[in-house]
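Please look over the structure below before reading the notes.

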Amino acid sequence: MSRPGFLLSAWPLRSAAYLLTGAVTGVAALAGLVTAAAVCGVLAVVLVGLPLLVVVALGGIPVAWAERHRLRLVDRTPVSGRHQVPAAPGLRAWLTTRLREQATWRELGYALLFAGVLWPVDALVVTAALLFPVSMVATPLLMATAGDGHEAKVLKQWTVTTWPAAFGVAVLGVLLMGAGAYVLGTAAGARAGLTRLLIASREGELGAEVLELARSRARLVDAFEAERRRIERDLHDGAQQRLVALTMVLALARLDVPPGPLADQLDKAHEEAGKALAELRELIHGIHPKVLTDYGLHAAVADAADRCVVPVDVDLELPGRPGRAVESAAYFVVCEALANVARHSGADRARVSGGHRDGRLFLEVRDDGRGGADPSAGSGLVGLADRVSVLDGRLVLTSPPDGPTLLRVEFPCELTEPADRSA
């Protein structure tokens, strides 16, 4: 509005169109909300109208949608209107999500304000800043047509009976139209700012961005776990089988060679091949153990406990299997915790317990060692916490001096397929 060419630009017309469509949309919103509330009130006598009140609560969504599109007339910045995506398909999940999020109630509040207060203000500004000056500019035309060249009503308030007076009123109307253009621009800018504040707050946009970030993070975790399983499968079915075949060939060759330097070299080669095979098996087991894929978390934790140098009691109650990402993360947390017990705690015994309750998988690793575990000492606890947080989990460590040490981890998840207890 501070630019010299504002009056000759399209912005006064765009401002007038924004305010004029606001008045029309406001009347429609008022009629719709009043009609819906009246119908629900009448039907509430027979308890049919109570569920229909949900329609009134959701009435702000279409109003906000229309307002976002109207804002394009005077605001070139896109207005975000993203709502939360329901966790499950179906109308019930959609209604539950809409009624629980703040954006729905904020939009309903805006719709009530729009239908009760804002559209009359829009209509008043358009009438005073546009329609009145236009009717004054049209005074000579009215005098020549409706007044037969003798008289004309100006704003239905006073009568003009001469042509000089009629043209003078028209000139005054042109000047008022210029001033009215600034009034329209100011009012439209204020209305657009208020609308953006109420239906497109920064908190809502930030929440949508955080939600999308969490989903992309979950997709990355799933892709990472799939890649781990692919590497484990390729090593197990490829390199490991070749090393097994090489070990057998070396053993057969040793049987066919008489004692001597060549036989000693074959013995060394056979021994090195066996060591390489053992190391490869340990590597494959560390990437993604086959027992975890085939039998689930309970069997994999029991296998890890059997391989731990410290005696470990296992007490897990899992009637089903969590998602693959959660299952893999939980297993490696237990493995790292048991490795820390064996290396640093000096414990005589450890215990792994856990289960699933209230939509959360929880695991506890307890030992009777010396305690005093320090995450900054390079024990891998920081990495465990990062791995858990990627899946929206929580890791809690309690390790006072002289022990005992308790590591508790929780993951939000649901159990799907039944666990295979035959392992």
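Predicted model: local features only at pLDDT ≥ 70, side-chain atom pairs only at ≥ 80, totals over all residues.

Residues are numbered from 1 along each chain as its sequence is written, and side-chain values use heavy atoms, with hydrogens and water left out.

**The whole chain**

- Of its 423 residues, 36% count as buried. Buried means under 20% relative accessible area, exposed means over 50%, and partly exposed is in between (1.4 Å probe, protein chains only).
- Among contacts between residues at least 6 apart in sequence, 71% join residues at least 24 apart; contact means heavy atoms within 4.5 Å.

**Helices**

- Helix α1 (residues 11-43) has 33 residues and reaches 47 Å from its first C-alpha to its last, close to the 48 Å expected at 1.5 Å a residue. The expected span is 1.5 Å times one less than the number of residues.
- The buried residues of α1 include P12, Y18, L33 and C40.
- In helix α4 (residues 91-100), A93, T97 and R98 are buried. They lie on the same side of α4 because they cover an arc of only 130° around the axis, where the arc is that of the directions from the helix axis to the C-beta atoms.
- L91 and R92 are exposed on the other side of α4.
- The buried residues of α4 pack against α3 (60-70) and α5 (102-137).

**Record annotation**

- An unreviewed UniProt entry places the feature "transmembrane region" at residues 46-66 and 163-184. UniProt positions are given in the numbering used here, feature names are shortened, and annotations may be inferred rather than shown by experiment.
- Over residues 163-184 the chain is 100% helix and 0% strand, with the end C-alpha atoms 30 Å apart.

**Strand residue T405**

- T405 lies in strand β7 (residues 405-412) and is buried, with a relative accessible area of 11%.
- The side chains of T405 and S399 are joined by a polar contact of 2.9 Å. A polar contact is a pair of N or O atoms within 3.5 Å; within protein, one must be able to donate a hydrogen and the other to accept it, and residues adjacent in sequence count only if both atoms are side-chain atoms.
- Leaving aside neighbours within four places in sequence, the contacts of T405 include V365, D367, G371 and L397.

**Loop residues and a helix residue**

- D358 lies in the loop between β4 (350-357) and β5 (360-367), and counts as exposed at 72% relative accessibility.
- Phi of D358 is near 55°, a positive value in a residue other than glycine. Most residues other than glycine have a negative phi.
- T162 is in the loop between β2 (158-160) and α7 (163-199), and is partly exposed at 39% relative accessibility.
- A302 is in helix α11 (residues 297-307), and is partly exposed with a relative accessible area of 24%.

Note on methods
Helix = DSSP H or I, 4+ residues; strand = E, 2+ residues; numbered from the N terminus.
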